[in-house]
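Subject: Structure for you to look at

Hello,

Please find the structure below, followed by notes on what turned up in it. Keep the model open while you read.

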Amino acid sequence: MKILEEFIGELSGYAEITKLNQYKTNRTLYIKLRRSDLKDVLKIIESILLRYESYGEIISLYVNQGDFKDLGIKTIIVDKGFIWELYLYESNIHLFIRLLLLSSVLEGDEWLALYIDYNPDSAWWTADERQG
């Protein structure tokens with residue numbers, strides 16, 4: 001499945017930082033973007049997700065505030081954001097996608113961040129369902 005590469009490719013013109021990690025079969029993607037590109041980035045994400053809507057389930061959520069705590073210390077404020085979960089039935093893959101408008105508590109800078117967890121070994125499907 002090359003969905004993460006779709007995000008990388010289509011957001012490359014907006015990305016300030018792109019980081020793709022892999023451990024065993026699981027992958028994560030982080031893309032740092034400019035806050036001013038929110039509308040364009042949102043359209044791109046939604047267009048990618050629409051390509052997959054007939055292959056499973058998409059859950060969409062809106063976040064209006066939050067924070068990151070690192071070792072109990074608030075480091076980042078979530079001003080608003082969007083969360084999607086994509087369950088691809090045939091391939092038994094789960095993606096957890098967050099697009100967040102963030103600001104640093106310590107440095108005061110602001111940015112837009114895309115985080116994607118790609119899990120082809122999701123426990124949402126049992127061994128029997130996978131062999132079915």
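The classes are buried (under 20% relative accessible area), exposed (over 50%) and partly exposed (in between), with a 1.4 Å probe and protein chains only.

This is a predicted model, in which local features need pLDDT of at least 70 and side-chain atom pairs count only at pLDDT 80 or more, while totals for chains, interfaces and linings use all residues. Residues are numbered from 1 along each chain as its sequence is written, and side-chain values use heavy atoms, with hydrogens and water left out.

The side chain of Glu5 meets that of Arg27 in a salt bridge, at 2.4 Å from N to O. A salt bridge here is a side-chain nitrogen of Lys or Arg within 4 Å of a carboxyl oxygen of Asp or Glu. Glu5 is in helix H1 (residues 3-11) and Arg27 in strand S2, so the pair links distant parts of the chain, 22 residues apart. Helices (H or I, at least four residues) and strands (E, at least two) are DSSP runs, numbered from the N terminus. Arg27 is buried, with a relative accessible area of 12%.

**Other salt bridges**

How many salt bridges does a search of the whole structure find? There are 8.

In one of them, the side chains of Glu6 and Arg51 meet at 2.6 Å, N to O. Glu6 lies in helix H1, and Arg51 lies in the loop between helix H2 (38-50) and strand S3 (56-63), so this pair ties together parts that are 45 residues apart in sequence. Arg51 counts as partly exposed, at 37% relative accessibility.

Another salt bridge joins the side chains of Glu110 and Arg35, at 3.8 Å from N to O. This pair also links distant parts of the chain: Glu110 is in strand S7 and Arg35 in the loop between S2 and H2, 75 residues apart. Glu110 counts as exposed, at 52% relative accessibility, and Arg35 is partly exposed, with a relative accessible area of 25%. Salt bridges that share partners also join Glu6, Glu10 and Arg51 into one network.

**Strand S7 and its neighbours**

Strand S7 is mostly covered, with 7 of its 10 residues buried. Strand S2 (residues 26-33) runs antiparallel to S7, and 7 bridges join them. Two strands pair if DSSP finds at least two bridges between them. Thr28 stands opposite Asp117 in S7.

S6 and S7 also run antiparallel and are joined by 10 bridges. Arg98 stands opposite Tyr115 in S7. S6 and S7 form a hairpin with 5 residues between them, and Gly108 in the turn has a positive phi of about 80°. Leu106 lies in the loop between strand S6 (93-104) and strand S7 (110-119).

Is Leu106 buried or exposed? Leu106 counts as exposed, at 66% relative accessibility.

**Aromatic rings**

A pair of aromatic rings is described by the distance of the centres and the angle of the planes. Rings of Phe, Tyr and Trp (its six-membered ring) pair if their centres lie within 6.5 Å; planes under 30 degrees apart count as stacked, over 60 as edge-to-face and the rest as tilted.

A search of the whole structure finds 7 aromatic pairs. In one of them, Phe68 and Tyr115 have ring centres 6.3 Å apart and planes at 45°, so the pair is tilted. Phe68 is in strand S4 (residues 66-70) and Tyr115 in strand S7, 47 residues apart, and the pair links distant parts of the chain. Phe68 is partly exposed, with a relative accessible area of 28%, whereas Tyr115 is buried, at 18%.

The rings of Phe82 and Trp84 have centres 6.2 Å apart and planes at 15°, so that pair is stacked. Phe82 is buried, with a relative accessible area of 15%, and Trp84 counts as buried at 4% relative accessibility. Ring pairs also link Tyr30, Phe68 and Tyr115 into a cluster.

Regards
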